[in-house]
Amino acid sequence: MDDWWLRAGAGAGATGERARRRVVALPHAGGWPSAFRSWWQVLPPDAELLVAQLPGRGARLGEPPLTSVEPLVEALSRELAERDPLPYTVVGHSFGSVLGYELTRAMEQKGLAPDLLAVSARQPPCFPSLPPFAHLRSDAQLLEHLTEIGGMAPQLMTRPELVQPALRAIRADLEAMERHQRPLTGTGVPILALGAVDDPVVVAERLHLWSLETTGGFHRSLYTGGHFYLYGHANAAAIARRLLADRPGPTAGHPAPPTPGRPVPVPDGVPAPSPRKETP
C-alpha cells in the first residue's frame, strides 16, 4: 500500500504524536520525495506529510517511469483513499500541480475531497503546453535548461550514473505534463495558486486564471525565489502555515459536492500563450 506515498511528520515515528491533519504533496517533474525535505522540518508535530513517490525515483528508482497522467492519478488516488481519513490539503509544485489538480478531481469522485488544493509554479490548464515540447529535447539541451533554472546542481554533470536516471524520470514527467488535456469539468474544491515573481519559467500573471478551474473559493499568493521557491525554508514555513490555517471546504472522509461543469471560458483579451516554456 505504501509504494506511492512516503510518510513524514506525525504518525511517521518521529514524535509519536497522533496526526490530526494531512498535507499531500506532489513534487516537480523528476522530483524525489526529498524535494519536500524543508516541509518535513516546518510542519507542526500533529501534521502528517505524504509525498508522492513515483516510479523511476527514490526507492522506486529501478521501475520504469510512466508517461501519462491518468495511470499516475489512478494509483495515487487509490492508495490515498485506503488511508485513515484525515482533513487534508493537496499541494503540487510545477508538474505536481497537474497531478494535484487531477488527484483532487479523482478524490472528489470518491467522495473524499480535500479541503484545499494549492497549485504552485504551473500555468492553468486553459494554457496548454504547445510544441516544441521540452520532453523531446536532447539530453544536453535538457540538462542546460535544468541547470539554468536551478533544477540540477552543476556538479552532478560529472556523475552519469545519477544524471541518466534523473533525466529518464524528468523526461517522462514532462511528456505526461505536456500531453495533459484540460478536463471537461473542473473542481468544487477551493484553489490557492502560488508562484514566484522571479520565476524564469512560469508567467506569474496567468496564475489568477486557475480561478476558472474551480467553483469554490480562489486566492493567489506570490513569493520570490525562482522556479523552486516552494522548497526554500522560509517560503515552505510561510506556505505551510497558510495551508494548515485555510480550511474552507469539505473534510476528508465527508461526501464531496457534485463535480461542477466548466465554470467559464477564458475571457476575451487574455494574451496568447507566451513562447516561454514550462518545464520541471
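**Backbone and cavities**

Author: Let me begin with Ala121, which is buried at a relative accessible area of 1%, where buried means under 20% relative accessible area, exposed over 50% and partly exposed in between, using a 1.4 Å probe and protein chains only. This is a predicted model, in which local features need pLDDT of at least 70, side-chain atom pairs count only at pLDDT 80 or more, and totals for chains, interfaces and linings use all residues. Residues are numbered from 1 along each chain as its sequence is written, and side-chain values use heavy atoms, with hydrogens and water left out.

Reader: What is the phi of Ala121, and where does the residue sit?

Author: Its phi is positive, about 55 degrees, although Ala121 is not a glycine, and it belongs to the loop between strand 5 and helix 4 (139-148). Helices (H or I, at least four residues) and strands (E, at least two) are DSSP runs, numbered from the N terminus.

Reader: Switching to Asp115, which side chain does it have a polar contact with?

Author: The side chain of Asp115 makes a polar contact of 2.5 Å with that of Arg21; such a contact is a pair of N or O atoms within 3.5 Å, where within protein one must be able to donate a hydrogen and the other to accept it, and residues adjacent in sequence count only if both atoms are side-chain atoms. Asp115 is in the loop between helix 3 (95-109) and strand 5 (116-120), and it counts as buried because its relative accessibility is 2%.

Reader: OK, cavities: how many of 30 Å³ or more are there?

Author: There are 2 cavities of 30 Å³ or more, a cavity being a set of points on a 1 Å grid over the protein atoms alone where a 1.4 Å probe fits but cannot get out, with lining residues having an atom within 4 Å of a point. The largest holds about 90 Å³, and of its 13 lining residues the closest to the centre are Val98, Arg122, Pro124, Pro125 and His180.

Reader: How much space is in the second largest cavity?

Author: About 40 Å³, and its lining includes Leu26, His28, Arg57, Phe95 and Asp173.

Note on methods
1 Å grid on protein atoms, 1.4 Å probe; cavity = no way out; pocket = protein on both sides within 12 Å on 5 of 7 lines; lining within 4 Å. Points joined across faces, edges and corners; volume = space filled by probe spheres on them.
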